[in-house]
Amino acid sequence: MCRVGLLTVFGVFLVCGARAEVCGSIDVRNSVSQLNKLENCTEIAGTLFIVLIEKTKSEADFEPYVFPKLQKVSEYVVIYKVTHLTSLGKLFPNLRLIRGLNLLVEYSLVLYNLPNLLEVS
Ligand SMILES: *[C@@H]1O[C@H](CO)[C@@H](O)[C@H](O)[C@H]1NC(C)=O
């Protein structure tokens, strides 16, 4: 079963099979395994923080974590002090919209102190 929806004027999304699961704000910190909090979310109604994950040994630590279900965040996303994270696109291949209904100062996406980041999408 597929559901087609119009997200914004910029994109159309398609959800097949899986039911939409709207999560509240999610805070991932200290350990990469905390990313599992995101496993079922198709949408975050609120904010996403991924912060202070500095004990990773290599980029391979992020390989098990891929969240293709996540498509939307309604407020803002902060990724701060995460070592060995090289790609946001690998983590969230289908994240298409950060709506910015509430901002951090004046930003909806904050990427700060990510020493190994190479690509955002
Ligand atoms: C995700 O869904 C599975 C299956 O319903 C459940 O066992 C698991 O606890 C859920 N994970 C989270 C983080 O809610």
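Visitor: Is Y112 buried or exposed?

Guide: Y112 is exposed, with a relative accessible area of 52%. Exposed means over 50% relative accessible area, buried under 20%, and partly exposed in between (1.4 Å probe, protein chains only). This is a predicted model, in which local features need pLDDT of at least 70 and side-chain atom pairs count only at pLDDT 80 or more, while totals for chains, interfaces and linings use all residues. Residues are numbered from 1 along each chain as its sequence is written, and side-chain values use heavy atoms, with hydrogens and water left out.

Visitor: How many aromatic pairs does the structure hold?

Guide: A pair of aromatic rings is described by the distance of the centres and the angle of the planes. Rings of Phe, Tyr and Trp (its six-membered ring) pair if their centres lie within 6.5 Å; planes under 30 degrees apart count as stacked, over 60 as edge-to-face and the rest as tilted. The structure holds three such pairs. One of them is F67 with F92: the ring centres are 6.0 Å apart and the planes stand at 35 degrees, so the pair is tilted. F67 lies in the loop between strand 6 (48-53) and strand 7 (72-73), and F92 in the loop between helix 1 (88-91) and strand 9 (97-98), so the pair ties together parts that are 25 residues apart in sequence. Helices (H or I, at least four residues) and strands (E, at least two) are DSSP runs, numbered from the N terminus. F67 is buried at 5% relative accessibility, and F92 is buried at 7%.

Visitor: What is the geometry of the rings of Y80 and Y112?

Guide: Their centres are 5.5 Å apart and their planes at 5 degrees, so this pair is stacked. Y80 sits in strand 8 (residues 77-82) and Y112 in strand 10 (residues 109-112), 32 residues apart. Y80 is partly exposed, at 26% relative accessible area.

Visitor: Which residues is V78 in contact with?

Guide: Contact means heavy atoms within 4.5 Å. Leaving aside neighbours within four places in sequence, V78 touches L48, F49, I50, V51, L104 and V110. V78 belongs to strand 8 and is buried, with a relative accessible area of 6%.

Visitor: Which residues form a disulfide?

Guide: A disulfide is a pair of cysteine sulfur atoms within 2.5 Å. The count here is one: C23 and C41, with sulfur atoms 2.0 Å apart. The link is left-handed, with -100 degrees about the S-S bond. C23 lies in strand 3 (residues 22-23) and C41 in the loop between strand 4 (26-29) and strand 5 (43-44), so the pair ties together parts that are 18 residues apart in sequence.
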